[in-house]
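I opened the notebook for a look at one helix and the packing around it. My notes follow in the order of the look-ups.

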Amino acid sequence: MLNRIIVILVSSIFISTATQGEEMTDKTAVGSSATEWRHMYFIGISKEDPNDIDLSEGQIQDLLSMVNVGPAISNGAAIQPKYLINSKGTTPWLAMFALVSAKQASALTIIAEGKSRVHVPTKFISDNFNSHNNWPTDIFSKYDTHLDGYNTFIIPFLIHSSANAVSHLSQSMKAPDGSLEIFNVNEFSEESPEDLLIEVSELVTFINENRPDIVPTKLP
């Protein structure tokens with residue numbers, strides 16, 4: 001077990017880029033550079049507005065354990081794919097890194113060395129990634145991320161590049177009340193952000209074709 005959980009307290013000031021926080025770290029310390037961290041995410045669907053989803057630290061930790069993830073920078077927010085890049089051009093992964101770097105820079109090394117984890121308050125992410133679509137129109141319009149009666153979402157988290165390999169979920173995880181279902185875990189690449197839209201679009205296609213319990217088969 002991890003020997004401690006680091007709690008990050010969030011001020012009302014939003015940190016827009018990783019470099020702001022990075023200036024406050026020891027640049028020689030393990031984990032101090034944003035480039036050392038892998039940008040991972042769970043992908044799922046919900047009957048609720050994703051802005052209203054607030055998974056607890058315990059719920060997120062259970063999900064992470066299922067995919068062989070220990071130390072991580074996590075949060076309980078669910079973000080619609082169209083809001084993944086906010087008005088400042090920042091992704092939730094960079095926002096979380098910058099927050100930890102600015103508030104408790106030493107935590108980055110502790111997490112990178114596998115000694116602890118950080119859970120960022122949901123509100124920090126949900127308040128800043130909920131209304132602005134900063135995707136280029138010609139890219140976003142190419143992919144169908146809409147599912148009748150549901151909202152698609154991702155739950156972002158960070159792991160250090162030295163961490164163990166991430167496993168896939170053996171089966172989807174469904175809330176007891178059926179309000180949301182998480183299907184798998186993937187990695188986001190800033191060099192190829194469009195891949196995330198492809199993953200969401202492929203999930204929508206899979207559900208439409210193979211999950212009549214979610215989308216009833218339409219008669220000809």
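Which are the buried residues of α7? I found Leu 196, Leu 197, Val 200, Ser 201, Leu 203, Val 204 and Ile 207. Buried means under 20% relative accessible area, exposed over 50%, partly exposed in between (1.4 Å probe, protein chains only). Seen down the axis of α7, these buried residues fall within an arc of 155 degrees, so they line one face of the helix. The arc is taken from the directions from the helix axis to the C-beta atoms.

Ground rules, before going on. This is a predicted model: local features need pLDDT of at least 70, side-chain atom pairs count only at pLDDT 80 or more, and totals for chains, interfaces and linings use all residues. Residues are numbered from 1 along each chain as its sequence is written, and side-chain values use heavy atoms, with hydrogens and water left out.

I checked the length of α7. Its 17 residues (194-210) should span 24 Å at 1.5 Å a residue, and the end C-alpha atoms are 24 Å apart, which agrees. The expected span is 1.5 Å times one less than the number of residues. Helices (H or I, at least four residues) and strands (E, at least two) are DSSP runs, numbered from the N terminus.

Next I looked up the cover. The buried residues of α7 are covered by elements including β2 (37-46), α3 (92-104), β5 (151-160) and β7 (180-188). Leu 196 touches Tyr 41, Pro 81, Leu 84, Trp 93, Ile 154 and Phe 188, leaving out residues up to four places away in sequence. Contact means heavy atoms within 4.5 Å.

I then searched for aromatic pairs and got three in the whole structure. Rings of Phe, Tyr and Trp (its six-membered ring) pair if their centres lie within 6.5 Å; planes under 30 degrees apart count as stacked, over 60 as edge-to-face and the rest as tilted. Trp 93 and Phe 188 are stacked, at 4.5 Å centre to centre with 10 degrees between the planes. Trp 93 sits in helix α3 and Phe 188 in strand β7, 95 residues apart. Both are buried.

Last, I followed the chain past α7. Is Arg 211 buried or exposed? Arg 211 is buried, with a relative accessible area of 15%. Its side chain makes a polar contact of 3.1 Å with that of Glu 181. A polar contact is a pair of N or O atoms within 3.5 Å; within protein, one must be able to donate a hydrogen and the other to accept it, and residues adjacent in sequence count only if both atoms are side-chain atoms.
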